[in-house]
Amino acid sequence: MLRNREIQVLLIILTSICMASTVLAIFFFSLPVALYIFLTTTIFVIVFFYFTKWRYREIEKLSTYLRKITNGDYNLDIRDNTEGELSILKNDIYKVTLMLSEQSSYLQQDKVRLTNAISDISHQLKTPLTSMMVMADLLSHPNLDVVKRKEFTHNIQAQLERIEWLVTSLLKLSKIDTDIVQFKKDTVPANVLIQKAVQSVLIPMDIKQVSLKVSGDDGVSFLVDLNWTSEALINILKNCIEHTDEGGSISISFVENTLYTELKIQDSGKGILKEDLPYIFKRFYKGKNAGEESVGIGLALSYSIIKSQQGDIEVKSEIGEGTTFLIKFYKQII
């Protein structure tokens, strides 16, 4: 503390005042008065010195605390319930520490998610890339017959389309996760939304001869982003078609009340195992009944799109009785 120039100057000034007061008291009053003034001012200087030393000691503790914070130690608690500016400073620093701790925790979670995502993406891309490398090597053989050449070429094209879809879906998910997507709040008639979604799955439905039934009041509408919400419904419908046998059926119904608009998508497929139900919206999760081409990203994307629009989605399923997706879009934030 004494190395601080401000303290040195202040002590010199106080000592000078003490000596000057004592000398003046000797000349103008008496020796006892001068002695009394000397003792009083000396005590005053000593008290001031120790009080300043205590404050500097507290500030040094705060400096040590801040150094520990910069090294990543957020477990210290310096809260002080007494009055005074120093106590207020301690409490404010503690609040900042809590904020830094939360941010550090979020960053750590982001790192874990990023690591897991990279691992998942690498795993998902490895299979089609390995397959294409093998087929490309076989295509280089000059004696390969025309039928096999066409088959391998078709398989390579299918794998490329699969990779393109995976990358596109992952980019959409990353945009939603980072709040880059600005979802519109348009009043969209239910029939318009369903027609836009169904249009993209008519061919696979026709191939499997799956019938579609749509029911609901013409006046029902959703407060959503048309393009993104239709994307969510397309992925759900694709999942329903994938798990529905040839000649099966899919029904879509919608109702509206004062709180929300509900959309129900039901298929007559194989159903989902009970142990798989809690995880079907998790990224890259593949249930036991999932097809070989499934990568477990479609329902995860649907879930993110719906949740980002203050919506809710749940699934009910029984083996052999089909699966039902219940989607609710609330008319106000709850």
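Contact here means heavy atoms within 4.5 Å. This is a predicted model, in which local features need pLDDT of at least 70, side-chain atom pairs count only at pLDDT 80 or more, and totals for chains, interfaces and linings use all residues. Residues are numbered from 1 along each chain as its sequence is written, and side-chain values use heavy atoms, with hydrogens and water left out. Helices are DSSP runs (H or I, at least four residues) numbered from the N terminus. Axes are lines fitted to C-alpha atoms over the stretch in contact, with angles from 0 to 180 degrees between N-to-C directions.

**Helix 4 and helix 8**

- Helix 8 covers residues 298-307, and its axis comes within 10 Å of that of helix 4, crossing at roughly 25 degrees.
- Helix 4 is therefore roughly parallel to helix 8 (angles under 35 degrees count as roughly parallel, over 145 as roughly antiparallel, 65 to 115 as roughly perpendicular and the rest as oblique).
- Trp 165, Ser 169, Lys 172, Leu 173 and Ile 176 of helix 4 touch Gly 298, Ala 300, Leu 301, Ser 304 and Ile 305 of helix 8.
- This contact has 6 nonpolar, 3 polar and 1 charged residues (Ala, Val, Leu, Ile, Met, Phe, Trp, Tyr, Cys and Pro count as nonpolar, Asp, Glu, Lys and Arg as charged, and the others, Gly among them, as polar).

**Helix 4 and helix 7**

- Helix 4 (residues 146-177) and helix 7 (residues 226-242) have axes that come within 14 Å and cross at roughly 130 degrees.
- The two helices are therefore oblique to each other.
- Trp 165, Lys 172 and Ile 176 of helix 4 make the contact with Trp 228, Glu 231, Asn 235 and Lys 238 of helix 7.
- Among the residues of this contact, 3 are nonpolar, 1 is polar and 3 are charged.

**Helix 7 and helix 8**

- The axes of helix 7 and helix 8 lie 8 Å apart, at an angle of about 145 degrees.
- From helix 7, Trp 228, Thr 229, Glu 231, Ala 232, Asn 235, Ile 236 and Asn 239 meet Gly 298, Leu 299, Leu 301, Ser 302, Ile 305 and Ile 306 of helix 8.
- The contact of helix 7 with helix 8 divides into 7 nonpolar, 5 polar and 1 charged residues.

**Cavity**

- The whole structure has 1 cavity of 30 Å³ or more (a set of points on a 1 Å grid over the protein atoms alone where a 1.4 Å probe fits but cannot get out, with lining residues having an atom within 4 Å of a point).
- Asn 239, His 243, Asp 267, Gly 271, Ile 272 and Thr 323 line the largest cavity.
- That lining has 1 nonpolar, 4 polar and 1 charged residues.

Conventions: On a 1 Å grid over the protein atoms alone, a cavity is a set of points where a 1.4 Å probe fits but cannot get out, and a pocket is an open set with protein on both sides within 12 Å along at least five of seven lines; lining residues have an atom within 4 Å of a point. Grid points are joined across faces, edges and corners, and a volume is the space filled by probe spheres set on the points.
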